[in-house]
Amino acid sequence: MASTYQGRRPGGGSRRPGGKGGRGKGGRGGARTVALRRTGPIVREPVTLPSVLTLGELAERLETTGVEVIKELMKLGMMATINQQVDYATAARVAQALGWETNPEESDLSGQGDSFETRRSESDLDPEARTRPPVVTIMGHVDHGKTKLLDSIRSANVAEGEAGGITQHIGAYQVDAQGRKITFLDTPGHEAFTAMRARGAQATDVAVLVVAADDGVMPTTREAVAHIKSAQVPLVVAINKIDLPAANPDRVKQQLSEMEVMPEEWGGDVPFVEVSALAKLGLEDLLEVIQLVADVHELKANPLKPASGVVVEAKIDRTRGPVATLLVQSGTLNPRDVVVAGGTWGRVKAMFDDRGRKIRRAEPSMPVEILGLLEAPQAGDQFMVFTDEKLAREVAERRTAERRAESLSADRSFKLTEFSREVSEGGVAELRVILKADVSGSLGAIQTALLKLNEDVPDGVQLSITYAGTGAIGESDVSLATATHSIIIGFNVRPDVAAKRAADASGVDIRFYNIIYNLLDEVRAAMTGLLAPIFQDVTDGYAEVRETFKLPGGDMVAGLYVLDGRISRNSRTRVLRSGTVVHEGTVRSLKRFKDDVREVAAGYECGLGLDGFNDLQVGDQVEFFHREEVART
């Protein structure tokens, strides 16, 4: 099998017989001859590619090896075997990464982009592709009945004799509805949904948004809608709890229509289904609608190829070792297959379905739990089957090294300064913004003003708002920004500790403002290529107020617990109450016990007094920061 991956050498040279480096038995100049041939720049003619070709054929046309092609494909967040077919758009991106220009064949009609429609172009063009079950993710507010709905659907589709098997939890399961299968991903919410997308995995075919008929649309519901729209996934709305006296489905439809989620009966394109997870009403209608949506989008995959797909979840079991739940997206997975999942690999020792039964094959859209990987991969990692164990090990090791290098590299995510530089250099770009504000009045005004900037900027530069909401900047906002390459703008709000750590780890650009004009001026400058930042805030640490004390002179001091980083007497401070900035100023006193100290590290308690602010409350968070000058770009 190894010979399959030997294409011609880069630059068109071939390996001379006789040993390493192309030397014969007595020849010493073989390697020198190759070097002399490459003294001048290589001039390459553009390579013509068909609408569909295998990776092996692509490697041959690009005069490289299959391993190099697979490596570049993995950098794009895709995993495939050497015999797997790819469309022209994918092949062109790989060729460009390897230094080749491409032209499509005259008959090529391939599209561009990463929408839901183009994600299935490869399966549409594959003559051996067959209809597969849809993969469904259920999202919504925490108290609106997502888990109960999943349990009700599952228990209604399990035979009486297997009822005890439904306690098996592998993060995904299949149900039979009128003789056809539907796969449900049991994710904790839209954070997991978007975190998988941020890792390059697009596992969902249909998203079901659960909204309680008595509560209506909540802030979490709005977040879920933003995540679904950014993924360009077909949406079905399930209005739950219709059996309650306070149920008002029409109010839910009205609220969602204001968010551009228009019901079909009102002339829109989103199916709405009224259900009750508790009373098990409308479940069959919901499953039928999901199947209709799947039929419209003609979901297909080739079950005859080596398997590939995505890791749903993974763990280390004390008795069984690394256990991974895989969702097969293409091909068929069998025992003894060699699997690469993210940065780990292994041979499949055993496979189990969602009810814990041992199985011999897993076809497209089927969730399966496997044993045999050397380590537990991460949720969202893509997996693929290799026929060559040596190659599988090499790909896994290379993947691990690339991830390590990526984690050490700075500025991996989108920055406002980078956008401004791209615009100034004549690039065509879109600025995606996640907007968070303290109150809805400010939010609406800023949203309107930002969109009006599109009228005043150069052609080809566009601003779009990925999501807008009130309240503190949370981890959910950071994960959405990572997946959609957006920046986050906070108006009178700050991130919590978890969101700050996530933003630092992923390199998400978060900008803070308390004056609308400053916000608009800076975004306008970025969109016209004239952004010149002078200072930026650098967070030193976070602390939480655990107790407050009144001093005899009327001043207030607070007992703090340092949550993260180090807090310093020389730092500036912001007092955050439910994520909203209520004060910004300087430190009056910082003490440990009765002694004045210069700084306090995370995990320790201390006393704090602030200049000109005596309204500290238990539960407030205090952010300590300093300002650094940034060179103009």
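1. Arg-524 is partly exposed, with a relative accessible area of 31%. In this predicted model, Arg-524 forms a salt bridge with Asp-521, and the closest N and O atoms are 3.1 Å apart. Asp-521 is also partly exposed, at 45%.

2. Glu-522 meets Arg-511 at 2.5 Å, N to O. Glu-522 is partly exposed, with a relative accessible area of 21%. Arg-511 has 15% and is buried, because the cut-off for buried is under 20%.

3. The salt-bridge count comes to 29. One of these joins Arg-320 and Glu-369, with the closest N and O atoms 3.4 Å apart. Arg-320 is in the loop between S13 and strand S14 (321–330), while Glu-369 is in strand S17 (residues 367–373); the two are 49 residues apart. Arg-320 counts as partly exposed at 32% relative accessibility. Glu-369 counts as buried at 3%.

4. Some salt bridges join up. A network of them links Arg-494, Asp-537, Arg-572, Arg-574, Glu-584, Glu-623 and Arg-627.

5. Now the barrel. Six strands close into it, in the order S13-S14-S17-S16-S15-S18, with antiparallel pairing. Neighbouring strands of this sheet are turned by 45° against each other on average, direction ignored. Strand S13 (residues 308–317) pairs with strand S18 (residues 382–386) over three bridges, in the antiparallel sense. Ser-308 has Met-384 in S18 as its bridge partner.

6. What covers helix H4? The buried residues of H4 pack against strands S1 (47–49), S2 (52–54), S3 (85–87) and S4 (102–104), and against helices H2 (55–61) and H3 (66–75). H4 spans residues 88–97 and is mostly covered, with seven of its 10 residues buried. Those buried are Tyr-88, Ala-89, Thr-90, Ala-91, Ala-92, Val-94 and Ala-95. Just after H4, Gly-99 takes a positive phi of about 90°.

7. Is His-297 buried or exposed? His-297 counts as buried, at 15% relative accessibility. The residue is found in helix H11 (residues 283–297). The His-297 side chain reaches the backbone oxygen of Val-293 at 2.9 Å.

Terms used
Residues are numbered from 1 along each chain as its sequence is written. This is a predicted model: local features need pLDDT of at least 70, side-chain atom pairs count only at pLDDT 80 or more; totals for chains, interfaces and linings use all residues. Side-chain values use heavy atoms; hydrogens and water are left out. Buried means under 20% relative accessible area, exposed over 50%, partly exposed in between (1.4 Å probe, protein chains only). Helices (H or I, at least four residues) and strands (E, at least two) are DSSP runs, numbered from the N terminus. Contact means heavy atoms within 4.5 Å. Two strands pair if DSSP finds at least two bridges between them. Axes are lines fitted to C-alpha atoms, for helices over the stretch in contact, and angles run from 0 to 180 degrees between N-to-C directions. A polar contact is a pair of N or O atoms within 3.5 Å; within protein, one must be able to donate a hydrogen and the other to accept it, and residues adjacent in sequence count only if both atoms are side-chain atoms. A salt bridge is a side-chain nitrogen of Lys or Arg within 4 Å of a carboxyl oxygen of Asp or Glu.
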